[in-house]
Amino acid sequence: MLSGAIGAVAYFMPAIVTAFQDTGHAIDRNLATSNPSATASAAASASASATPPPAVAPPGQPFTVLLLGSDNDAKFGGTVLTQSMILARVNPTTRQVVMESIPRDLWLPLSSGGSAKIDAAYLHGGASASVATVEEDFHIHIDHYAWIGLLGLVNLINQVGGIDVVATNPVMDDFYPADLTGKNPYAYERVAVLPGPQHMDGMQALMYVRSRHGDLRSDFGRSQRQQQVLLALRAKAKLLGIADLPDIATAMANDFSTDMSISEIASLLPIASSVQLQNVHQVILASPYTYTGHIANEDVLLPNWNFILPETHQYFPAV
Amino acid sequence: MRRAITVILLLALMGGFGFGVNRLIASRKHKIPTEASVFIPTATRPKIVLPGTLYLAQNGDIYRLSDGYFTDLHLSAALGLWMQPAYVPNSQDIVAVVRAAEYSNLYLLNSQGSIIRRLSNNANVHLDTVYLNHWMFYPRMGADGNTIYFSYDQPKDSTQYAVDFSVWSGTLNGKLAAKLLSNSNPFTGGDVEPTPMAGGAVMYSKYAISGGNAYSEIVIQPKPLARPTVLTTAAQDCGQPALSPDGTRLAMICIGGTGLQSTRLEVATLTAGKLGVPQTVVNNCLCASPVWAPDGSGLVYYNTADATGHFELWWIKGALTAAPSPPLQVTTNLDFTATSPPSWSPLSSVPVMSR
């Protein structure tokens, strides 16, 4: 019995190492109190809610995950922003999923104090600050987060054998950062993803979700493509089981972190594989939810909360 | 002594059992197919013999399918990835794209894969100005065997981020990029997949972005830079047009209403520049790159056979008729390049050519 357990432990060792290093990171919810205006808004919304939600939804109950993606290549020297933020609401019983992309240029109060583009929340306090900022500004509760870096995404997609994507249009970019392929992280390379159905490896998929210069919609087009790739990965979940986790964990090591435990991640696999496409609702916060502005010499997106909050609270319960 | 042997045996048994458990769990691992796990086409035989000669691309090489056998053209990988072959009417030559990291070029090849000549020079040697490189894709030959149509990322202003394809035409024996035919919508990706029509018109997929969504419309360009005739709607989101040899039917790939996760293969009549009501021939698929048989007896297209995502060749007999046959999977365990439409020559066997 003991030897069998040792054999099993040896097999799952990469996943166990990942579990210790990259999963189970607690969200520091105290970060929510450092911004006076945010605190006031949080207090106001808290007073409207009779009972605060539990920190984490009980098993089987709908839960909300904040998915974070960062350009964490060499040129950022450890000071990373989140270029991608997707709120996902998963109902394990009805097998329904809602994905809402939050534009990275959205200018709003940060939980760590002051106002900035929302992509800076991660810079000022990691995933906890990103979670706290979204919770306060959107008046919702987030149960979990998952953060992934550039190579984490590339390796994850390669590990599952690539993904099948219907490219919406030719994705063209003459100024795509060559930060993963060359010696100079400030260099550029050219991207041309041809339209239509195709099989993409990790690097091709990264180009598809990361490129934005040649798209009239800029970051919104990128958000749509990011949701597409997430759904394509969902399709690959059908091919995976718990025995595949060690390889995936090894592939994503150091470029992934989450507050979920390894068993919680494993329990998501059957849910992801059984969600039907018609049960996935996608939200992109383009106009009229947001509008362009110029603050502190930066082009930013300003929130129209009168539109954003009712839309968000249709799917993500208000607190 | 006896006790020591017992302990050693026990330890060995425990080690063996532990190793067995380890391997048992490992055996539950799913075998996820990779690029390396597929066959090369020449190692397989198609399920049916298709008429004429098909040229198809897989993993950066081009293969000829004729008389039920694949032949590898053994094109040089040193130049880049070979794709999008287009047979040259009235000859046994093909034009193909070589895609390098920052640019792509068109080459003229003979039927055995020997390079006759490079048709374009889109490479820029200065590493710090990668935007001076250019892309050329989707070569299609006119019926005269000399006029060539293709998508080219010109005109381009290097001070802006806009990089969009436009449809161009030229000649094999003269200037390649001689005529700009279409005005593409900036910051959309532009105009791709030109299909020559009778009388000098050209059909292609025109990309646009409106209401936050990118979509494609199939249009006909009657003459250079004229306002194109739009055949399909934004809601249909159709592209990859394939005109039947007699010009009366249009096969196309439509995405509208699929949630951008699947496609439909549709066929519609085309009469005097007007499209009839499309019929869905294959639904909820990853169908791509339809091409009609030269004799009009059916069409081929790419689709995945299962969730592994490898694109196989499929055939629909009688796709011109009101009741086409069910789709038949022609190849197994191959992985064709889905963005590289097959090219279908009417010639059934290709003799060795020398130039």
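These legends walk through several close-up views of a predicted model.

Because the model is predicted, local features are described at a pLDDT of at least 70 and side-chain atom pairs count only at pLDDT 80 or more, while totals for chains, interfaces and linings use all residues. Residues are numbered from 1 along each chain as its sequence is written, and chains are lettered from A and ligands numbered from 1 in the order in which they are written.

**View 1. The two chains meet, and the predictor scores the complex.**
The complex receives an ipTM of 0.91 and a pTM of 0.87 from the predictor. Chain B has an average pLDDT of 90, and 93% of the residues score at least 70 (pLDDT is the predictor's confidence in each residue, from 0 to 100). Across the interface, 49 residues of chain A are in contact with 58 residues of chain B; two residues are in contact if their C-beta atoms, placed from the backbone, lie within 7 Å. On the side of chain A that touches chain B, at least two residues each come from α1 (2-11), β7 (163-167), β8 (171-177), β9 (188-193), β10 (196-200) and α7 (219-236) of chain A. Here helices (H or I, at least four residues) and strands (E, at least two) are DSSP runs, numbered from the N terminus. Helix α1(A) gives the largest share, seven residues. By class, this side of chain A has 25 nonpolar, 15 polar and nine charged residues, where Ala, Val, Leu, Ile, Met, Phe, Trp, Tyr, Cys and Pro count as nonpolar, Asp, Glu, Lys and Arg as charged, and the others, Gly among them, as polar.

Follow the open sheet in the order β11-β6-β1-β2-β3-β12 (chain A), and you will find mixed pairing among its six strands. Two strands pair if DSSP finds at least two bridges between them. At the edges, β11 (256-258) and β12 (280-284) of chain A each pair on one side only. From one strand to the next, the twist averages 15°. Strands β1 (residues 63-70) and β6 (residues 144-149) of chain A pair in the parallel sense over six bridges, and A:S70 stands opposite A:G149 in β6(A). Helix α5(A) lies across β1, β6 and β11 of chain A and runs at about 90° to β6(A). For these angles, axes are lines fitted to C-alpha atoms, for helices over the stretch in contact, and angles run from 0 to 180 degrees between N-to-C directions.

**View 2. Helix α5(A) meets helix α8(A).**
Helices α5 (residues 150-159) and α8 (residues 245-252) of chain A have axes that come within 8 Å and cross at roughly 150°. The two helices are therefore roughly antiparallel to each other; angles under 35 degrees count as roughly parallel, over 145 as roughly antiparallel, 65 to 115 as roughly perpendicular and the rest as oblique. The crossing of α5(A) and α8(A) is right-handed (a crossing is left-handed if the near helix is turned anticlockwise from the far one by less than a right angle, and right-handed if clockwise). Look for A:G152, A:N155, A:L156, A:N158 and A:Q159 in α5(A), which meet A:D247, A:I248, A:A251 and A:M252 in α8(A). This contact has four nonpolar, four polar and one charged residue.

**View 3. Helix α5(A) also packs with helix α6(A).**
The axes of α5(A) and α6 (residues 202-210) of chain A are 8 Å apart, and the helices pack at an angle of about 130°. That angle makes α5(A) oblique to α6(A). The crossing is right-handed. From α5(A), the residues A:L150, A:L153, A:V154, A:N155, A:I157 and A:N158 meet A:G202, A:M203, A:A205 and A:L206 in α6(A). Seven nonpolar and three polar residues make up this contact, with no charged ones.

**View 4**
Strands β2(B) and β3(B) pair over four bridges, with B:T71 in β3(B) as the bridge partner of B:R64. The loop between β2 (61-66) and β3 (69-72) of chain B holds B:D67, which has a positive phi of about 55° although it is not a glycine.

**View 5. A cis peptide bond in each of two loops.**
In chain A, a cis peptide bond joins A:S287 and A:P288, with omega about 10°. A:P288 is in the loop between β12 and β13 (290-295) of chain A. In chain B, the peptide bond from B:Q154 to B:P155 is cis, with omega near -5°. B:P155 sits in the loop between β9 (147-152) and β10 (166-171) of chain B.
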